[in-house]
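Subject: A structure for you to explore

Hi there,

Here is the structure I promised to pass on. Have a look at it first, then read my notes below.

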Number of protein chains: 2
Amino acid sequence: MATIKDIARRLNISVSTVSYALNDGPRQVTPEVKERVRQAAIDLGYRPNRVARSLKQGRSHTIGVAAERSMADFYMSFFQYNALNGVLNECEDEGLDVLIFSQVDMRREKGRLDELLDGRADGILFISPPAGSQAVAELRAHKFPHVTISGDPGTETVNAIVDNAVGVKMALQHLADLGHNSVGYIRGGSGLADGLERDAAMVQFARELNLELRPEWILPGDFTQPGGRDAAERLLVQKEWPTAVFGSNDEAAVGFVHRLHEDGVSVPVDISVIGFDDSSHARASLPPLTTIQQPVGEIARSAVRALARLIRGEEAYSTRFEPRLVVRGSTSSPKVDNHATQSGIHAH
Amino acid sequence: MATIKDIARRLNISVSTVSYALNDGPRQVTPEVKERVRQAAIDLGYRPNRVARSLKQGRSHTIGVAAERSMADFYMSFFQYNALNGVLNECEDEGLDVLIFSQVDMRREKGRLDELLDGRADGILFISPPAGSQAVAELRAHKFPHVTISGDPGTETVNAIVDNAVGVKMALQHLADLGHNSVGYIRGGSGLADGLERDAAMVQFARELNLELRPEWILPGDFTQPGGRDAAERLLVQKEWPTAVFGSNDEAAVGFVHRLHEDGVSVPVDISVIGFDDSSHARASLPPLTTIQQPVGEIARSAVRALARLIRGEEAYSTRFEPRLVVRGSTSSPKVDNHATQSGIHAH
DNA sequence: CCACGGAAGCGAAACGTTTCACAGGAGTCG
DNA sequence: CGACTCCTGTGAAACGTTTCGCTTCCGTGG
C-alpha cells in the first residue's frame, strides 16, 4: 500500500509538501506541484491511512454506538433497530463513522470502559441503556462526550427521548373519547426508562381520566410478543375484563392480540387494544394496531447532532419529542355492557 | 489521558519494559516489575490506545460492514437486520469489532474504496450487495479480504447464501402436496442475488411439479410490503386466479395478504399464500404465514468466520445453507373448483 | 543596492504503541 | 578463571500522518 512517503520519494519532494498538497493543507503549495502530487497519488493508488491520521490528530471522526446486548433478540428490537438506522443516516450527513460496541455490557458494575475510551471513538451514543447504567455513569464521570437515546432522564447526561407521559395520556384520552371507562395495562420492560415512565404515567392518567384500572388488570410485560401473550393468558382467566387494554409497546400489544385471537376473543369487537411505538408490526398485524407513534428516526438524529456538538466542545441539551396518535383498527367503542365478562365472550 | 510513557517515567523504567509487562509481551519481565507496572497503570487510569496499536501492528481487529443504502427502509430490512445481528454476535466471539460503512454505495461505478481500505478495517463484509457490485469487484481485484452475505454466487468472492432453489422447490412441493395445481408468484427485488435465484427457480420448479404458472400470474415485486400490495391489485383485476401464490419474501407476501383482505378475499380459504424468510412478520401477521425459513443468523456467523480466516491468510469457501419449510396458517388445500375466479369470491 | 516580507519548500518532531538489536549482569560449566 | 548462555532491561526505530520552525529565494519598496 502506497504511502505519502512513496509519493515524496518518487517526486523528489518532501513528505510535508505532499501532505500540504493532498489536504490543501495549512500551507500553500504551487498549483503545479499540487497537480504533480495529485497525479502521483493516483498512479500509485495512494489511499490515506486514517489510522495514522487519527493517531496524529487525536480524533477519529467516529462515534461508538453501544446497544443493549439484547439487541440480538429480534422481538425487542424494533426500537433499537430504527434508532440505529436514524443514527446511521445522521452520521452520514455529519461525516461520522459508526463503530458498534456490541460486547459492552452497560449494566456491568465495573464497565470495561477500555473499549469505549481507547481512542477509536470521539464520543459514545447509548441506545436504551438500562436505568442507572454504570457505563453511562462512568463516562459522565470522565467527562467523555456521550449521549443517550431513551436513557435515564434523571441524570445530567444529554438524552433524547419521547415524551412518554404525553403519549400515554393521548392513548388513554383516545380510549375515553371512544367511550371506554375501564382499561388494562401491559407493563413495559423493567429497567428501561421508557418502560418506567409509561408505567408511572399509566397509573396517573388512568385516574385523571376516570378510567378504572384494577390492580389485577396491570399485567406484567417486557416489551416482547411472548410477554404480551403471557399477559393475555393472565387476563383470560379473569372474570371481569376492562373494555380496553393499553400495551406499553406494540410488540406486547401484538402478542396480546394474537393470544386473545386464539381463544376466540376478537379485537376490537370484544376488547380494544392500543400500543406504543408504531413499529412495523403495528401496521402489519391484523387488525392493524392503533398506537402512539414516536419519531424514532428523528430522536436518533437529534442525539447524533447533540453528540457531534459535545465532541466539538459545544453545549448540548436533552430533548423530549412529541408522540402522535395513529388510529387504526384495533380500537373502537366498547360494547354496550359496561364490563366485558369472560363468560360473555369466551366459551371455554 | 495517561500513556505508557507516563508509567515508564513514574517508575523510572523504559517504555519497552512497560509494554512487555502490560502485554505479557514477547519478552519476559520479572514478576515484581510486572506487578509495579500493573499497579501504576491502575493508579494513572491508563488505557491502551488502540489507534496507536493498530498503526504499529497494521491490524485493527475490526471488520467493516457495508450494507445497502436502503437499510434505512425498514420494510426491506428484516434480512439485513438479522444478518447484522448475526454478524455482531459472531464478532463478539471472534474478538472483532464492527465498523459500519453506511455511506458506501455498492453500486457506484467508481466506488470510493478509500473508505474501505483506509486501514481501519482488516476486512469487509457485504450484506446483500447488488449483483455485479463494483465495490465488491474492486476489493476482489485488490485481493483485500472480503466476504458477501447473499451476494452474487457467480464470482470468486466467498459468499454465504441460502440455497434458494431448494427453498423454492420446498414451497412448491408443499403446495403440490396440498393439492394445488396452479400457482402465482410475486417477484423478488431485482438486482439482488436472492431475488434473481428465486425468480429463476420458480419458473423451473413450477414446470417440474406441474403447477400452472401463467405469465400474468408472475407479478412484479421488490421484497417490500407495498410491493406485495401492488401485486395483489394486479391480481384482483384478473378474471382467473391461481389457487395459491408464492411470495418471494415474507414482506411481499404479507402486503399481498393484507391487500386481499381489504377486498374480502380470505387467506387461506380463498387462496393460499406462502412466503420466504420466516421474518418476524410471518409469525406476527394474521393468519400467520407459512414460509421458507432461512437461517440468517447462521449464515451471518459463517460469513464472519470465513472473513476471519481470510484475514488470517487462510483459505475460505462459499457455503450454501439449507432452508426449512415452516407450515403455519396461510396455506391449505384449495377449494374444490379448480381455479378460483374473481367473480366467485370477490363481489365488487 | 539593501533590507524586508512573503511564498514555497524542507527537515524533524510528535502522536502512542510494538519490537528489534544490544548491553549488563548473573549463573553455569569446563 | 575464562567463556558461554540465559535473563532483564534499555534505547531506538518504526508505523503513516500532521504541523511547527527554518531556510531559501524572489520580488518590492525605500
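The two copies meet through the same surface, because 100% of the interface residues of chain B are also interface residues in chain A. Each side is counted by contacts (C-beta atoms, placed from the backbone, within 7 Å), and the contact takes 39 residues from chain A and 39 residues from chain B. On the side of chain B that touches chain A, α5(B) gives the largest share, seven residues. That side has 18 nonpolar, 14 polar and seven charged residues. Here Ala, Val, Leu, Ile, Met, Phe, Trp, Tyr, Cys and Pro count as nonpolar, Asp, Glu, Lys and Arg as charged, and the others, Gly among them, as polar.

Before you go further, please note that this is a predicted model: local features need pLDDT of at least 70, side-chain atom pairs count only at pLDDT 80 or more, and totals for chains, interfaces and linings use all residues. Residues are numbered from 1 along each chain as its sequence is written, while chains are lettered from A and ligands numbered from 1 in the order in which they are written.

How do the copies relate? Chain B can be laid on chain A by a turn of 180 degrees and a shift of 0.0 Å along the axis, with an RMSD of 0.0 Å. The two copies are therefore related as by a two-fold rotation axis. The superposition is by least squares on the C-alpha atoms of residues with pLDDT of at least 70 in both.

The chains also share strand pairing (at least two DSSP bridges between two strands). Strand β2 (residues 97–101) of chain A pairs with β2(B) in the antiparallel sense, over three bridges, and V98(A) has I100(B) as its bridge partner. Strands are DSSP runs (E, at least two residues), as are helices (H or I, at least four), numbered from the N terminus.

Now for the DNA. Around DNA strand C there are 29 residues, of which S16(A), V29(A), I4(B), S16(B) and N49(B) come nearest; being near takes a C-beta atom, placed from the backbone, within 6 Å. By class, the surface near DNA strand C has 12 nonpolar, 12 polar and five charged residues.

Finally, V98(A) turns up again: V65(A) is in contact with residues including V98(A), I100(A) and L125(A), leaving aside neighbours within four places in sequence.

Enjoy exploring!
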